[in-house]
Each structure stands twice: as structure tokens, then as C-alpha cells.
Amino acid sequence: MYKWFATKRILKGLFMYALLIFIMSALFNSVVETTMRAQIEEQVRLESMRLKSNNTTALQKFQAERREQLIKNNKLDRPIWERIVYRAINTITFNFGKSTIIKSSRGERDVLTIIAEAIPRSLILFTAAAVFEILIGIYLGLKKAQKPGGSMDKTTSLITMIVYGMPTWWLAMILIMFFVYTVKLFPSSGVHSVPAPEGFMYIVDMLWHTALPLLTLVLIGFWGLAFVVRNIVLGILQEDYIMAARARGIPENSVLFGHTLRTAAPPLITMSLLSLLGSISGSIIFEGIFSWPGLGNLYWIAVQQNDIPVLMGDLAITIGLYQAGLVILDLTYGFLDPRIKVGGKA
């Protein structure tokens, strides 16, 4: 039964997510505890400075008691396996705590708030680029497969071989040099101008800043997808039912976008969804070039500043979204491909 398969796949996805979080918690345990102990010492020092007492003995007693209390509150006195499990459970339940250095635009240190500000920015840029890449790549791939070996197929295949090995950051720098400093058409970085305009012009200003990085991603992204779609569709066009449809006089566009595209839907959906999932986490280098404050840039800042709570929160959200997408992909594939009998008997 399909319901049994769906249940097992969802449970497997939850198990994999929990397992990855536990592994990350174990890997970052030493760094996390070193940072927490330093924060405890800093907090004890600040609280000691607020005391008006000049008695050294009383001050030392207060520091020792307060330090012991904070260590106990953070479970640093517990066995190492218990500490790892405790932090992993907090991460799984999205209880990331407070950041050590990074702050949100409003000055808050809540990790979830900081990540919530970065996610929409990555979605605006990378997900929009992935959608354009998918649409252009599928359309171009269908047209290439329609006349294999033609001038369009050869030309675009040559361009694909050139562009496929081209680094995104290199093309980004070339386009910045041309469109920003030569033509002076787009801004070089950021999400909006400083100071940011208000009302409707705020949206216009954001679109203006998004245009150049979006153009860069789309220009370099759809060629490889089009080549893969071309090879998938080319094999389907040789099937008997496609030849029979052409022999019956069905228009070529109906054959191409109806019969062929429907058969090629499962692998195309797989590639499209994986592209969308990969776009959610952003890109460290690309966001750095355009100073785009998304998840990738946030991850890099957290690594540089050793802000482990933000780093763990960023990884947890990214892994969770990716695992959820893989589960949805597997469940969708069973509906799209009737040849697959998931969870049932042949």
C-alpha cells in the first residue's frame, strides 16, 4: 500500500534528520562547551563588578557559587553523552538559544530571529533563479531534442561545454565590472540602497539590487539543465507511441509538450526539486561577492566569528528543509511514474 510506503519514507526522513543533528552536536561539542565556559566566566566577572562589597572572601564565594550554578544550568556538569543528547534535542526542537556575537537587524540575539531574517533573502534570489533556470532549461532542452544535430543543437551544446566549467564567482565579477562600473546600470552589492526607500519604491529598489545577481545565476545555470533534458527527451521521442502520434497528424508542439513532456515528467521533477532544494541554503562565495545577506553569508560570518549557536541553527534549518524536500520528492515520484509500485505487490 502506498500509505505504508509514505509512512516509512517520512519516518526514515525524520530519523536521518535526527541522526545528522546528533552527529553535528557531537562534532561541535568541544567548541560549544569552550564558548559556553568563556561566556560563564564573563558573566560571573560582570556580576562581580556590580557588587558593592569589598570583602575578598565574600566576593570569591559569590563567584564560585554563581559559576557552579551557571555550569549546572547549562548541564556542563553532566556526562558528555548527556550533554550531546541535550544539545541535539534542543537543535531538533529549534531551541537554538542566543547567539554569542551576531545580532539581527533589530539588535536581537535570538538565533531563530537571525535565521528568519536571512531565509527570505536567500529564497528571493536563489529560488527565483532556480525557477527561471528550470523553465528556460526545459524549454531549450525540448527544442534541442526536436531537431538533434541541427544548428541550434550544436551551437547550444558548444556553449554548454564552455559555460558548464565556468566558475559562478568569475562570471559574477565580470558582470559586476561591466554592468556596475562600465555601463553603471546596476548597484554592486546589498539588498537595498542606504538609506532604504519606503513604500512601493522599497520593492522597486530591492528588485533593482536583485537583478544583477539573479541574471548571473540564470545565465550560468540553465545550460546544463537544458543539455540533460535534451538527452532525456531524445530517448523518449524514439518510442513507438510518439511515432504513432506523429503519424496520426498530431501537431508537433502537442507531441513535444504533451506526450513527451508527460513521460519525461518524473526525472524532470527530480532535477527541478533538487535545484530548488539546493537554492534554499544559498551560496557562501556568491553571496560574499554581492554582499547578499542570505543563509550562505550568515554561515560564513558565523564560522569567522565562531558563533556556534548561529552555525548550528543555520545547518539545522538547511538540513531540515533539504530532508523534507527529499521526502516530498520520493512521495511525488510514486504518483508521477505509474511503473513504480511502491509499497505494494507486483
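This is a predicted model: local features need pLDDT of at least 70, side-chain atom pairs count only at pLDDT 80 or more; totals for chains, interfaces and linings use all residues.
**Helix H2**
- Quite a few H2 residues are buried, including Val 32, Met 36, Ile 40 and Val 44.
- The buried list for H2 also has Asn 29, Glu 33, Thr 35, Glu 47 and Ser 48.
- As background, an α-helix has 3.6 residues a turn, so residues three or four places apart point the same way.

**Nonpolar cores**
- The largest nonpolar core has 27 residues, and among those with the most contacts inside it are Ile 21, Met 24, Phe 96 and Ile 115.
- H14 gives the most, with eight residues.
- Looking past its neighbours within four places in sequence, Phe 96 is in contact with Val 111, Leu 112, Ile 115, Pro 309 and Ile 317, among others.
- There's also a second, separate core of 25 residues, which includes Val 163, Ala 172, Leu 175 and Leu 217.

**Where H10 meets H11**
- The axes of H10 (residues 252-263) and H11 (residues 265-280) come within 5 Å and cross at roughly 70°.
- That makes the two helices, H10 and H11, roughly perpendicular to each other.
- On the H10 side you'll find Leu 261, Arg 262 and Thr 263, which meet Ala 265, Pro 266 and Leu 268 in H11.
- By class, this H10 and H11 contact has four nonpolar residues, one polar and one charged.

Technical notes:
Residues are numbered from 1 along each chain as its sequence is written. Side-chain values use heavy atoms; hydrogens and water are left out. Axes are lines fitted to C-alpha atoms, for helices over the stretch in contact, and angles run from 0 to 180 degrees between N-to-C directions. Helices (H or I, at least four residues) and strands (E, at least two) are DSSP runs, numbered from the N terminus. Angles under 35 degrees count as roughly parallel, over 145 as roughly antiparallel, 65 to 115 as roughly perpendicular and the rest as oblique. Contact means heavy atoms within 4.5 Å. Ala, Val, Leu, Ile, Met, Phe, Trp, Tyr, Cys and Pro count as nonpolar, Asp, Glu, Lys and Arg as charged, and the others, Gly among them, as polar. A nonpolar core is a set of buried Ala, Val, Leu, Ile, Met, Phe, Trp, Tyr and Cys residues joined through side-chain atoms within 4.5 Å. Buried means under 20% relative accessible area, exposed over 50%, partly exposed in between (1.4 Å probe, protein chains only).
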